[in-house]
Amino acid sequence: MIIACQHCDHLVSIAKMGRQQRAVCPHCGNVLANCQVNYNQSINAFGLSSILFLLVSLHPHFISYAQHGLKQSISLIEAISLLAEHFSTLLAGLLSFTILVMPLAALLLILLAHSPLWKHLNPHNARVFVRALMILKPLNLADIFLVAVLISAFKLTEFAEIEVGLGFWAYVLFVLCFIETLSLLSKEQLWEREQQTFCPDEKTCSSRALQQNLKQCHVCGQLSDSIHCPRCMTKLKFRKTDSLAKSAAWMATAMVLLIPALALPIMDTINLGLHTKATIYSGVEVMWNAGSYPVAILIFVASICIPIIKGTALFYLLYQVKKCTHPKLASKLYGALEFMGKWSMIDVFVVILLVSLVQLGTVLSVEPQSGIVFFTAMVLCQIISVNHFDPRLLWDNLEQQ
């Protein structure tokens, strides 16, 4: 089987893989494919366990906190309802999509694609389901949400006594099973069920797909010289349209939004009638002074360092496109940007959790501030910017030189 690397566009011939093996591009180091043992059994077991633990975590009390004789227990469903009713429908929608809608939709699609019903589906519908699954897979924020829950618990220990309930432990088990399910999911093994309609001749093909006038489908990886992918009907392009301009515009917007995101308060803590507004940096200071050094470092790196590093690194890649002398190193840098994308969402989830879980009137409550809106917009702009960048351009200009 010959496939094109999505990071450098080099054509790579892959032999049949054995137990727990994976194929790596020899040019840029990108993982091309992997092979799992007992694939269907493992993914179905972890998928069903994930759904069970997710449903169990919604209704039992998630966290309890007490201060001055007042105690309140709240579940995840109650937290979402409270957030939508009293504060922000947008934040409630983001929370419900992250912890409920997206994981449940992804798990149902995974179980459908690995069940006996899959063979009886209309081929067109099967392609639509798999395309939706490939879109949902990178949107996994369950692990980020769980880290945000732990950070929120650390923050609350300054004001109240904290006790986690059955819902919290069920959600921990859900996150572990969900991450394992996604790690087992193999796009290559999934698309093997759909017949490949074209494969270039290994003896006559050039070193890169572009040299042979071949386009790679970003959904299923099929190589073709036609307008639409013959396997999943996606419109094919040699490169992403206006990749550099769109990527630069979105990142410039993100860096502008970063200024008010760091300067403005993101939440207001009301403790016995005393209002304490906190910015991202002041929150790091409070955690550091309280002795929670690992949490303070994590928030500082994820919410302040990573956005600045991502902006600097992406503009460096945009400059390297014109004259890239080390495309392999630049490709690894792009892979790191993809991995770092979602970790900046930690502070967003911390604020959402504190606002939705902590409501004891003037005794103890948390309200969102304008800074969190700018910060959320900044994170989304950076994610969009990185997704618009096409790393294959780094290798294109190298060949022209």
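**Before you start**

This is a predicted model: local features need pLDDT of at least 70, side-chain atom pairs count only at pLDDT 80 or more, and totals for chains, interfaces and linings use all residues. Number residues from 1 along each chain as its sequence is written, and note that side-chain values use heavy atoms, with hydrogens and water left out.

**Stop 1: helix 13**

Select residues 370-388, which make up helix 13. Helices (H or I, at least four residues) and strands (E, at least two) are DSSP runs, numbered from the N terminus. The expected span of a helix is 1.5 Å times one less than its number of residues.

Now colour the buried residues of helix 13, among them I372, F375, M378, V379 and V386. Buried means under 20% relative accessible area, exposed over 50%, and partly exposed in between (1.4 Å probe, protein chains only).

**Stop 2: aromatic pairs**

How many aromatic pairs does the structure hold? There are seven. Rings of Phe, Tyr and Trp (its six-membered ring) pair if their centres lie within 6.5 Å; planes under 30 degrees apart count as stacked, over 60 as edge-to-face and the rest as tilted.

Select F145 and Y171. Their ring centres are 5.2 Å apart and the planes are at 70 degrees, so this pair is edge-to-face. F145 lies in helix 5 (residues 142-156) and Y171 in helix 6 (residues 166-184), so the pair ties together parts 26 residues apart in sequence. Both F145 and Y171 are buried.

Go on to Y334 and F389. Here the ring centres are 5.6 Å apart with planes at 40 degrees, so the pair is tilted. Y334 sits in helix 11 (residues 327-340), while F389 is in the loop between helix 13 and helix 14 (392-400), 55 residues apart. Y334 is buried at 2% relative accessible area. F389 is buried too, at 0%.

Next, show F62, F145, F168, W169, Y171, F174 and F178 together: they form one aromatic cluster.

**Stop 3: a salt bridge**

The structure holds one salt bridge. The term covers a side-chain nitrogen of Lys or Arg within 4 Å of a carboxyl oxygen of Asp or Glu. Select R392 and D390: their closest N and O atoms are 3.0 Å apart. Are these residues buried or exposed? R392 is buried at 9% relative accessible area, and D390 is buried at 1%.

**Stop 4: helix 10**

Select V301, which lies in helix 10. At 36% relative accessibility, V301 counts as partly exposed.

**Stop 5: two more residues**

Jump to V350 in helix 12 (residues 346-357). It is buried, at 1% relative accessibility. Draw a C-alpha to C-alpha distance from V350 to M267: 9.9 Å in space, for 83 residues in sequence.

Finish at D242, in the loop between strand 9 (223-224) and helix 8 (243-263). D242 is not a glycine, although its phi is positive, about 50 degrees. At 52% relative accessibility, D242 counts as exposed.
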